Amino acid sequence: MNGPATRVAVLGAGSWGTALAILLARNGARTTLWGRDPAAIAAMAATRRNARYLPDAELPASLALSDDLEATVAAAELVLVVTPSHAFGDVLRRIAPVLAQGAGLAWATKGFDPPSGRFLHEVAEEVLPPGTPLAVVTGPSFAKEVAVGLPTAVTVHADDEAFAHQVAQLLHSPSFRAYTGTDVIGAELGGAMKNVLAVATGTADGMKLGLNARAGIITRGLNEMLRLAAALGGKPETLMGLAGVGDLVLTCTGDLSRNRRLGLALGRGVPLKEAVAEIGQVVESVETVNQVVALGRAAGIELPISEQVLRVLREEITPA
């Protein structure tokens with residue numbers, strides 16, 4: 001699966017899926033981007049733009065577009081899933097029967113499987129053919145910046161080190177560096193949990209509680225991540241790297257973050273439904289917080305910041 005001619009299917013034509021498809025196509029991979037809305041895919045093919053999610057980024061001429069999921073996956077050597085977490089399981093169940101023999105699957109989706117509360121790698125292991133190579137792509141990466149070629153670093157974790165390296169090589173470019181590791185649980189937990197903590201930080205900023213409060217929440221939030229990861233078998237060095245502290249700092253401080261923007265709105269007193277509608281895209285923390293708190297309770301770990309975010313998002317208490 002090496003070399004510039006690797007056939008890659010990117011599933012999910014939102015901002016992050018589009019950005020990664022642009023990157024892969026620019027890097028020489030034979031890339032097809034699949035989206036579930038035929039009208040949106042047709043418009044993207046005609047204008048070479050994703051007007052809704054990434055209007056400033058031009059799609060490379062070599063990037064193919066498709067609304068046929070099964071055909072797109074059947075032709076691919078690597079499938080990269082970039083759907084929201086609530087759609088992850090359904091997409092995998094649809095593609096499992098048509099996945100080419102020897103093809104690998106990676107995902108840049110952050111969160112848990114909402115119906116079951118499981119990690120995404122657990123869903124993938126259950127649904128896909130036995131022995132399918134699996135990897136998670138995570139780290140501090142705003143789609144808009146990746147699409148226009150600004151410098152970015154991410155990390156790819158897989159049980160199989162060679163597969164992690166293959167995925168990283170496909171993503172690697174002069175402005176995009178992909179590191180590798182083998183701690184799938186730690187990498188997934190960091191990518192999911194930082195969204196919950198970004199709501200807390202955004203809320204504090206929306207309430208104008210100051211920079212000291214922001215730094216305190218980020219630092220104590222990292223502590224919650226580390227405690228929970230240790231209980232689940234994750235490695236502390238993963239959480240101290242791009243998958244943990246890197247993504248946490250970006251999401252808690254960068255206004256391109258949907259989860260931070262949700263917190264900012266809640267901190268200003270905007271009702272939850274209105275705040276989510278205003279953002280206009282999936283805000284992963286609304287689902288993720290349930291799983292994070294459930295994992296903490298099951299492991300007997302105290303997660304005070306995450307617990308309070310859960311209460312605010314359930315509208316049991318106000319941010320104040």
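**Figure 1. Surroundings of Thr253 in a predicted model.** Thr253 is in contact with Arg214, Ile218 and Arg260, leaving aside its neighbours within four places in sequence; contact means heavy atoms within 4.5 Å. The model is predicted: local features need pLDDT of at least 70, side-chain atom pairs count only at pLDDT 80 or more, and totals for chains, interfaces and linings use all residues. Residues are numbered from 1 along each chain as its sequence is written, and side-chain values use heavy atoms, with hydrogens and water left out. Thr253 belongs to helix α11 (residues 242-253). Helices (H or I, at least four residues) and strands (E, at least two) are DSSP runs, numbered from the N terminus. The Thr253 side chain reaches the backbone oxygen of Val249 at 2.6 Å. Thr253 counts as partly exposed because its relative accessibility is 32%. Buried means under 20% relative accessible area, exposed over 50%, partly exposed in between (1.4 Å probe, protein chains only). Thr109 lies 144 residues from Thr253 in sequence and 20 Å away in space, C-alpha to C-alpha.

**Figure 2. Thr155 in strand β11.** Strand β11 spans residues 152-157 and includes Thr155. Thr155 is buried, with a relative accessible area of 6%. Its side chain makes a polar contact with the side chain of His157 at 3.2 Å. A polar contact is a pair of N or O atoms within 3.5 Å; within protein, one must be able to donate a hydrogen and the other to accept it, and residues adjacent in sequence count only if both atoms are side-chain atoms. Beyond its neighbours within four places in sequence, Thr155 is in contact with Val136, Val137, Thr138, Tyr179, Thr180, Gly181, Leu242 and Ala243.

Figure 3. The structure holds 1 cavity of 30 Å³ or more. The largest cavity has about 50 Å³ of space. On a 1 Å grid over the protein atoms alone, a cavity is a set of points where a 1.4 Å probe fits but cannot get out; lining residues have an atom within 4 Å of a point. Grid points are joined across faces, edges and corners, and a volume is the space filled by probe spheres set on the points. The lining consists of Trp107, Thr109, Lys110, Gly111, Leu120, Val136, Thr138, Ala187, Glu188, Gly191 and Ala192. Two or more lining residues come from each of β10 (134-138) and α8 (184-206). Helix α8 gives the most, with 4 residues.

Definitions and conventions. 1 Å grid on protein atoms, 1.4 Å probe; cavity = no way out; pocket = protein on both sides within 12 Å on 5 of 7 lines; lining within 4 Å.
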